[in-house]
Amino acid sequence: MIRLIAALLALAPLAEAKAAPSPTLIEIRPVVAAPDGAPVVDRAWLEARVARSNAIFAPYDLRFTLGPTETIAAPVDARVRADRDALAKHVAPAVVNLFVVGTLMDIHEEGRVRRGVHWKARRGGRRVHYVIMASYASEGILAHELAHFFGNPKHRHRPGNLVGYVPGLGLPTLDPDQEARMRRALRRMVKSGELAPRDPPAVPPRAPSTGE
Ligand SMILES: [Zn+2]
């Protein structure tokens, strides 16, 4: 039985590589608030959220890589609309811009704490959009905001839907119409130059067998 499982595991990547189209690789560029020079989250925090997003978006042929971290002294918290807008001047081209602030507050309901938001703003005359997350956002929030970023503004509160708040079994998923919108948005953003896909990492050479 163990041998059979091992054989299946050995075959699985090969079969997958043949069947699945290669995913589009998009860079997420993190900009982290750093009051007094101390970032509100560390690299491992960011990496965990990108890893979770990659697991969730794998069925949709979309993959993310974490770019270098930039830190900013202000705003540390995003409490009002102007704080969110102020981040626009730090937007980098051709990547998904992710801002991490200490505290993120709702701008409509006073006192309501938010964990993440997909925010549209202007930089000069140009429209930009980006993800803002709070330093206490759990691992799944980034993928939810990325679903908003890629063409799905409306929530769908069905169990397990990525764009809703109702948990389901296993990883959250997109419905077929949401997936179609995601793919269309990605194509549009790549075509316009808003996003520039990265080359996939080279496949490392197979390690020499050391026997068993
Ligand atoms: Zn949402």
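Which residues are buried in α4?

1. In α4, the buried residues are I141, L142, A143, H144, E145, L146, A147 and F149. A residue counts as buried if 20 or more other C-beta atoms lie within 10 Å of its own, as exposed if 12 or fewer, and as partly exposed in between, with C-beta atoms placed from the backbone. Helices (H or I, at least four residues) and strands (E, at least two) are DSSP runs, numbered from the N terminus.

2. This is a predicted model, in which local features need pLDDT of at least 70, side-chain atom pairs count only at pLDDT 80 or more, and totals for chains, interfaces and linings use all residues. Residues are numbered from 1 along each chain as its sequence is written.

3. Helix α4 (residues 141-149) is largely enclosed by the rest of the structure, because 8 of its 9 residues are buried. The cover over these buried residues includes α2 (43-57), β4 (96-101), β7 (116-123), β8 (126-134) and α5 (176-192). Just after α4, G151 has a positive phi of about 80°.

4. Helix α5 is made of 17 residues and reaches 24 Å from its first C-alpha to its last, close to the expected 24 Å; that expected span is 1.5 Å times one less than the number of residues.

5. In α5, Q178, E179, M182, L186 and M189 are buried. Seen down the axis of α5, these buried residues fall within an arc of 100° (taken from the directions from the helix axis to the C-beta atoms), so they line one face of the helix. Exposed residues on the other side of α5 include P176, R184 and K191.

6. α5 is followed by G193, with a positive phi near 90°.

Terms used
Two residues are in contact if their C-beta atoms, placed from the backbone, lie within 7 Å.
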